[in-house]
Amino acid sequence: MLPERYHRRMASISRDDVEHVANLARLHLTDDEIDRMQTQLSNILEAIETLRDVDTSHVGPTASVIQLENVMRDDVATPPMAREAALANAPVRDDPFLRVPTVLEEGR
Amino acid sequence: MSELPLADRTVTEVADALRRGETSSRALTEACLARIERDAERLNTFLSIDADAALAAADAADAALATDGAEGPAARPLLGVPYALKDIFVTRALDAEGDALPGGLPTTAGSFILEGYRSPYASAAQEALERAGAVLLGKTNCDEFAMGSSNENSAYGPVRNPWNEETVPGGSSGGSSAAVAAGEAYFALGTDTGGSIRQPASLTGTVGIKPTYGRVSRFGMIAFASSLDQAGPFTRSVRDAAVVLGAIAGHDPRDATSVDTPVPDYVAALTGDVRGLRLGVPREYFVEGMEPGVESAVRAAVDALRELGAETVDVSLPSTDRGLATYYIIAPAEASANLARYDGVRFGLSAGADELWENYTRTRGAGFGPEVKRRIMLGTYALSAGYYDAYYVKAQQVRTLIKAEFDEVLATVDAILAPTSPNVAFRIGDKVDDPLAMYLNDACTLPVNIAGLPGISVPCGLSDGLPVGLQVIGRAFDEEMVLRVADAYERAAGFSDLRPPTAGA
């Protein structure tokens, strides 16, 4: 069962849709970017809509073209990357840690 | 050797000259560095070079050539040969203590979000070419995160096509294609997710091969669309492509999708003989809107192969025109997941906001360019609740159909002949405001990624003074056939000495 919204012309997506998706993607967009994105995504989605005409009722999905089972390595410890090398590119360090803004504030 | 200037010769020619002591790796490296310096502002091909490190590697190669004698270099055909890596391959730039490694090169993926990033480890490609003794010159410009067909999406400015500086070199591996065309490197590696090796090879008159998915390790290749990405070389001859592919192919336990199947001797496959082969020409690849000069050059190449003794047959791949839509769901969906790692915490740009959520969104908003944002949005939309089945699963189902059609045709023919790109190099700026027009550039290449097959682009003449590429597509893990057909064509067609008018000594 397709979502209700699928039945209207999905190719025209709203400003709210753009803002919702940007939020899911953790992507800040300026007002101009939202405007442009609304037009461009609508055009691209309209082109993509052509897939609706293809009969895939008896076709399975392909996620990967190679037939590999789960690939397991031997459970053997190998030397980890040195901490200094792992931290060297960090934007903000608080040795020996990465520093990020507070995630859980006290009292919340 | 040919009469071309030293920097414009093939890997095979300079490797032979090295073995005979007629030149040195230092001389080759200096010739490339001189070209890079001369053309830096004009072409914008390289994002980073370290001349001192390259010359030191060249001197080490020269010493190995002197002591190895005739046997050693034969076993290592790339020993002493200068090359470039697309800046999507990470290159070791830190030592175990996290200190900058002398000669280590940064890795940007053409993105502002990774400006100045120094990798603590090497890509499998860099390691393989180090083992082969090749000399790394530097990292080439590319579309941001390999998303683009013109190299105009690089955060570090567009690359210009050495054939005509007003035009694009193709993308996303545009710096690698232009560097090889312009005599700045004897070979270069690129990556191909929907055509990013073959299309720029076509637009710059170089040879570019995308191997079978799983043939070359993706370890240390910055991920765009993990079920489609493959690495491969740009070269000035098919034989060179066979040599370089042999050096980078093979199983790598660090890439779980790398397939453990033996690497054949690709050079030995170049028999020059296509008599008795059946080559399919899919009518759907001669697409509407294709430039007449491209169509006539490709049709002439098909005729040439027939004259060489191959049987050419009309075949049909009916879902070809669904390739674009399928690709522009699957690739952005995978990209939106892969690019979630750029969060301003462990590496790369950070907006420095006081609140975590705000820091994610501001960092990504400031660090990604317009095309990357478009694809993240498209992919996130296609994967979002309520649309997943309608878009993503649907595209994966059509992927099954596209692959099945290739399998069916390739059961009856040895390889498929097609145009690489429906057009020659277009003018910089012409398509930047129309994403769909840009996407159509890859209409003939992206079905091959969807099916995971090997494909090569080999020059087949000029149209309006700009190069045209013939694409040869083969069965999975049958790079030998693809190379054999392309090589036989190249020998007969005589375009292998084609160099841009701006090359020269």
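Modeller: The discussion below takes up confidence, the contact between the chains, the strands and helices, and some backbone details of this predicted model.

Colleague: Where in chain A is confidence lowest, and where is it highest?

Modeller: In general, where pLDDT is low, the predicted coordinates should not be read in detail. For chain A the mean pLDDT is 86, and 87% of the residues reach 70 or more. The lowest mean in chain A, 43, belongs to helix α1 (residues 4–7), and the highest, 97, to helix α2 (residues 15–24). Over residues 1–10 of chain A, pLDDT stays under 50, and the model has eight contacts beyond four places in sequence for that stretch.

Colleague: What pattern does chain A follow along the sequence?

Modeller: Chain A has four helices and two strands, in the pattern α-α-α-α-β-β. Of its 108 residues, 15% are buried.

Colleague: How many residues does each chain bring to the contact?

Modeller: Chain A contributes 49 residues and chain B contributes 59 residues. On the side of chain A that touches chain B, α1, α2, α3 (31–48) and α4 (83–87) of chain A each supply at least two residues. The most comes from α3(A), with seven residues. By class, this side of chain A has 36 nonpolar, nine polar and four charged residues.

Colleague: In what order do the strands of the open sheet in chain B lie?

Modeller: The sheet has 11 strands with mixed pairing, in the order β1-β3-β2-β4-β6-β5-β10-β11-β9-β7-β8 (chain B). Its edge strands are β1 (46–49) and β8 (311–315) of chain B, each of which pairs on one side only. On average, neighbouring strands of this sheet are turned by 30° against each other, direction ignored.

Colleague: How should I read a strand such as β2 of chain B: what lies on its two faces?

Modeller: In a regular strand the side chains alternate between the two faces of the sheet. In β2(B), B:Pro82, B:Ala84 and B:Lys86 are on one side, B:Tyr83 and B:Leu85 are on the other, and all are buried. Because five of the five residues of strand β2 (residues 82–86) of chain B are buried, the strand is largely enclosed by the rest of the structure.

Colleague: Which strands pair with β2(B)?

Modeller: Five bridges link β2(B) with strand β3 (residues 135–140) of chain B, and the two run parallel. Here B:Lys86 stands opposite B:Thr140 in β3(B). Between these strands the chain passes through helix α5 (residues 124–131) of chain B, and this β-α-β crossover is right-handed. β2(B) also pairs in the parallel sense with strand β4 (residues 187–192) of chain B, over three bridges. In β4(B), B:Ala188 is the bridge partner of B:Ala84.

Colleague: What does the sheet show at β7 and β8 of chain B?

Modeller: Strand β7 (residues 278–282) of chain B runs parallel to β8(B), joined by five bridges. B:Pro282 stands opposite B:Val315 in β8(B). Helix α9 (residues 292–307) of chain B packs on the sheet, where it touches β7, β8, β9 (415–419), β10 (455–463) and β11 (466–473) of chain B. The direction of α9 of chain B makes about 115° with that of β10(B).

Colleague: Is helix α6 of chain B mostly covered or mostly open?

Modeller: Helix α6 (residues 174–181) of chain B is mostly covered, as eight of its eight residues are buried. Among them are B:Gly174, B:Ser176 and B:Val180. After α6(B) comes B:Gly183, with a positive phi near 75°.

Colleague: Why does B:Ala486 count as buried?

Modeller: A residue is buried if 20 or more other C-beta atoms lie within 10 Å of its own. B:Ala486 has 31 such atoms within 10 Å, and therefore is buried. This residue is found in helix α16 (residues 479–493) of chain B. Leaving aside residues up to four places away in sequence, B:Ala486 touches B:Val238, B:Ile456, B:Val458 and B:Val472.

Colleague: Which peptide bonds are cis, and which residues other than glycine have a positive phi?

Modeller: Most residues other than glycine have a negative phi, and most peptide bonds are trans. A cis bond joins A:Asp95 and A:Pro96, with omega about 5°, and another runs from B:Gly171 to B:Ser172, with omega near 10°. A:Arg26 has a positive phi of about 50° and lies in the loop between α2 and α3 of chain A. B:Asp464 has a positive phi near 55° and lies in the loop between β10 and β11 of chain B. With 11 C-beta neighbours inside 10 Å, B:Asp464 counts as exposed, whereas A:Arg26, with 19 other C-beta atoms within 10 Å, is partly exposed.

Conventions: Residues are numbered from 1 along each chain as its sequence is written. Chains are lettered from A and ligands numbered from 1 in the order in which they are written. This is a predicted model: local features need pLDDT of at least 70, side-chain atom pairs count only at pLDDT 80 or more; totals for chains, interfaces and linings use all residues. pLDDT is the predictor's confidence in each residue, from 0 to 100. Two residues are in contact if their C-beta atoms, placed from the backbone, lie within 7 Å. A residue is buried if 20 or more other C-beta atoms lie within 10 Å of its own, exposed if 12 or fewer, and partly exposed in between; C-beta atoms are placed from the backbone. Ala, Val, Leu, Ile, Met, Phe, Trp, Tyr, Cys and Pro count as nonpolar, Asp, Glu, Lys and Arg as charged, and the others, Gly among them, as polar. Two strands pair if DSSP finds at least two bridges between them. A crossover is right-handed if, with the strands pointing away from the viewer, the path from the first strand over the helix to the second runs clockwise. Axes are lines fitted to C-alpha atoms, for helices over the stretch in contact, and angles run from 0 to 180 degrees between N-to-C directions.
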